[in-house]
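Work through the exercises below with the sequence and the structure side by side, trying each task before reading its solution.

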Amino acid sequence: MTESSSDKLNQLYSEMFVLLQKEEKMLHETERLLAKAKKMIDPRNEFNKWLKSSEGKDWKNKQFEYQSGKCAYCGETLRFADAEVHHVLSLKEGGKTANKPENFKLLHPNCNRKIGSKFVNFD
């Protein structure tokens, strides 16, 4: 007994439906993995990890001494506990290249927010 054209067509549609479902699952998994990879290489994420590391903590201590306990923006006395690390060249502008200690200054939280991502010459 031979299959009718409609039976063959129904079989093809069923196979196509299964393939489309597999494709959708693969797309979702690919998007999930890409988002995870992007998060892992995000410059902000890398900066936050460095800042919490012993190297980052040592840098902050040395920079605080170097700046004589003063905000690099306004020049007023800065409490170590309040000091925020500011990117002179913003992450938005410089990405990974902005994540180098020579690109950082310690500022008051309000001064840091006031500047935002604008470039300020601290010399």
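**Exercise 1.** At what relative accessibility does Asp-82 stand, and does it count as buried, exposed or partly exposed? Then find its salt-bridge partner and describe that residue in turn.

*Solution.* The model is a predicted one, and the values that follow were computed from it. Asp-82 has a relative accessibility of 32%. Buried means under 20% and exposed over 50%, with partly exposed in between, and therefore Asp-82 counts as partly exposed. The partner of Asp-82 is Arg-79, and the closest N and O atoms of this salt bridge are 2.8 Å apart. Arg-79, with a relative accessible area of 53%, is exposed.

**Exercise 2.** How many salt bridges does a search of the whole structure find, and which parts does the pair of Arg-113 and Glu-84 tie together?

*Solution.* The search finds three salt bridges. Side chains of opposite charge can pair when their charged atoms come close. One of the bridges joins Arg-113 to Glu-84, with 2.9 Å between the closest N and O atoms. Because Arg-113 lies in helix H5 and Glu-84 in strand E1, this pair ties together parts that are 29 residues apart in sequence. Arg-113 itself counts as exposed, at 54% relative accessibility.

Another bridge is formed where the side chains of Arg-32 and Glu-29 meet, at 2.7 Å from N to O. These two residues are three residues apart in helix H1, so about one helical turn separates Arg-32 from Glu-29. An α-helix has 3.6 residues a turn, so residues three or four places apart point the same way. Arg-32 counts as partly exposed at 45% relative accessibility, and Glu-29 is partly exposed as well, with a relative accessible area of 36%.

**Exercise 3.** Which residues form one aromatic cluster, and how are the rings of Phe-47 and Phe-104 placed relative to each other?

*Solution.* Begin with the total, which is six aromatic pairs in the structure. A pair of aromatic rings is described by the distance of the centres and the angle of the planes. For Phe-47 and Phe-104 the centres are 5.3 Å apart and the planes stand at 65°, so the pair is edge-to-face. Since Phe-47 belongs to helix H2 (residues 43-52) and Phe-104 to strand E2 (residues 104-107), the pair ties together parts that are 57 residues apart in sequence. Both Phe-47 and Phe-104 are buried.

Next, turn to Trp-59, which forms an edge-to-face pair with Phe-104, at 5.6 Å centre to centre and with 85° between the planes. Here the parts tied together are 45 residues apart in sequence, because Trp-59 lies in helix H3 and Phe-104 in strand E2. Trp-59 is buried, as is Phe-104. Finally, Phe-47, Trp-50, Trp-59 and Phe-104 form one aromatic cluster.

**Exercise 4.** Where is Ser-68 found, and what is its phi?

*Solution.* Ser-68 is found in the loop between helix H3 (54-66) and strand E1 (84-87). Most residues other than glycine have a negative phi, and most peptide bonds are trans. Ser-68, although not a glycine, has a positive phi of about 55°. With a relative accessible area of 56%, Ser-68 is exposed.

**Exercise 5.** Which residues form a nonpolar patch on the surface, and over the ring of which residue does the charged end of Lys-60 sit?

*Solution.* The patch is formed by Leu-9, Leu-12, Tyr-13, Met-16 and Leu-20, which together have about 510 Å² of accessible area. Leu-9 is found in helix H1 (residues 5-40), and this residue is partly exposed, with a relative accessible area of 42%. As for Lys-60, its charged end sits over the ring of Phe-80, 4.9 Å from the centre of that ring.

Methods. Residues are numbered from 1 along each chain as its sequence is written. This is a predicted model: local features need pLDDT of at least 70, side-chain atom pairs count only at pLDDT 80 or more; totals for chains, interfaces and linings use all residues. Side-chain values use heavy atoms; hydrogens and water are left out. Patches are made of residues with over 30% relative accessible area and no salt bridge: like charges are joined within 9 Å, nonpolar side chains (Val, Leu, Ile, Met, Phe, Trp, Tyr) within 5 Å. Accessible areas come from the Shrake-Rupley method with a 1.4 Å probe; for residues, only the protein chains shown count as cover. A salt bridge is a side-chain nitrogen of Lys or Arg within 4 Å of a carboxyl oxygen of Asp or Glu. Helices (H or I, at least four residues) and strands (E, at least two) are DSSP runs, numbered from the N terminus. Buried means under 20% relative accessible area, exposed over 50%, partly exposed in between (1.4 Å probe, protein chains only). Rings of Phe, Tyr and Trp (its six-membered ring) pair if their centres lie within 6.5 Å; planes under 30 degrees apart count as stacked, over 60 as edge-to-face and the rest as tilted. A charge sits over a ring if NZ of Lys or CZ of Arg is within 6 Å of the ring centre and within 35 degrees of the ring normal.
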